[in-house]
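Visitor: I've got a chain up on my screen and would like a quick walk through it. Can you take my questions one by one?

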Amino acid sequence: MGFGCHPWTRCHPEAATWSFWPCLGSPSVFKTSSFSKGRYEGLDFLRGDQDKNDSWEIPSFLESSLSSLLCPVCSLHERYLFPRQLLIKHFWTPKQHIDFLDIYDAARKQSHPEIISYLERAIPLTSDTGLRWHLTDLCTKIQNGVHPAVHEILALRECFGNPPLGMNQLQALQMKALSRAMLLTPYLPPPLLRHRLKVHTTVIHQLDRALAKLGIGQLTDQEVKSACYLRGLNSTHIAEDRCRTWLGEWLQISCSLKEAELSLVLHNVVLLSTNYLGTRR
């Protein structure tokens, strides 16, 4: 059993969700799914309680409605961000469930060394001496298998808000690698890649703030694992308390960033997950 019935979706994991993206001309659809009041819904590929035929797109009023729509927005966010054909999990055995998530995680991890190499290439292009040192130190630690501390990543927020690592300065090959790390197809023209990464990252950032308001303690263990997996950590083999710790670190970083610094959220999928508790392969 595979992830999709069509060869195209096997080669392009998000092919079934291209209609989600406003840049490709899809009509906007907003539809609140079933949710428990006061709770954060898990990913559909883990919970699978939605209609498989639904198409979803984040509405324009998302940001202004976060405080009053925490739960429906969180649920909507998960459908919006993850490939719809993963809902085939209804037919997975428990072993297939773990094996398939491992396969997807292995695919996105293949891009990690390439993304780190692009960060290294940005070091001599960074004007500030202190930032150059911090970026060099971070890259070295990750390559040596060390999990970076939150403050070490936040020390570089200025790097990702300005050239050469700001969202508007990322090169085509960088965006392709980052798309693969996000389980998004890299086979789009650079302008569409950039626009889609901006939208994708903005939604994650907004939902991070909503989740921080709700509180990690309100989530079930499976919901925490779902949230971690979406943000780059293969949580299928990590204890629940460790997943909560990791998600707390992610939210601390994400919620500290301004809109202009969201390239760091995008790169954090690699920076924060690569070496967490020996998950590097």
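Visitor: How many helices and strands are there in the protein chain?
Guide: This is a predicted model, where local features need pLDDT of at least 70, side-chain atom pairs count only at pLDDT 80 or more, and totals for chains, interfaces and linings use all residues. Residues are numbered from 1 along each chain as its sequence is written, and side-chain values use heavy atoms, with hydrogens and water left out. Helices (H or I, at least four residues) and strands (E, at least two) are DSSP runs numbered from the N terminus. The count comes to 13 helices and zero strands.

Visitor: Over which residues does pLDDT stay under 50?
Guide: pLDDT is the predictor's confidence in each residue, from 0 to 100, and the protein chain averages 76. Where pLDDT is low, the predicted coordinates should not be read in detail. The stretch you want is residues 1–73.

Visitor: Where is Ser235, and is Ser235 buried or exposed?
Guide: Ser235 lies in the loop between α11 (221–230) and α12 (240–254). Buried means under 20% relative accessible area, exposed over 50%, partly exposed in between (1.4 Å probe, protein chains only). With a relative accessible area of 2%, Ser235 is therefore buried.

Visitor: Which residues does Ser235 touch, not counting those up to four places away in sequence?
Guide: A contact here means heavy atoms within 4.5 Å. Lys225 is ten residues from Ser235 in sequence, and their C-alphas are 5.4 Å apart. On that contact cut-off, Ser235 touches Lys225, Cys228, Tyr229 and Cys243.
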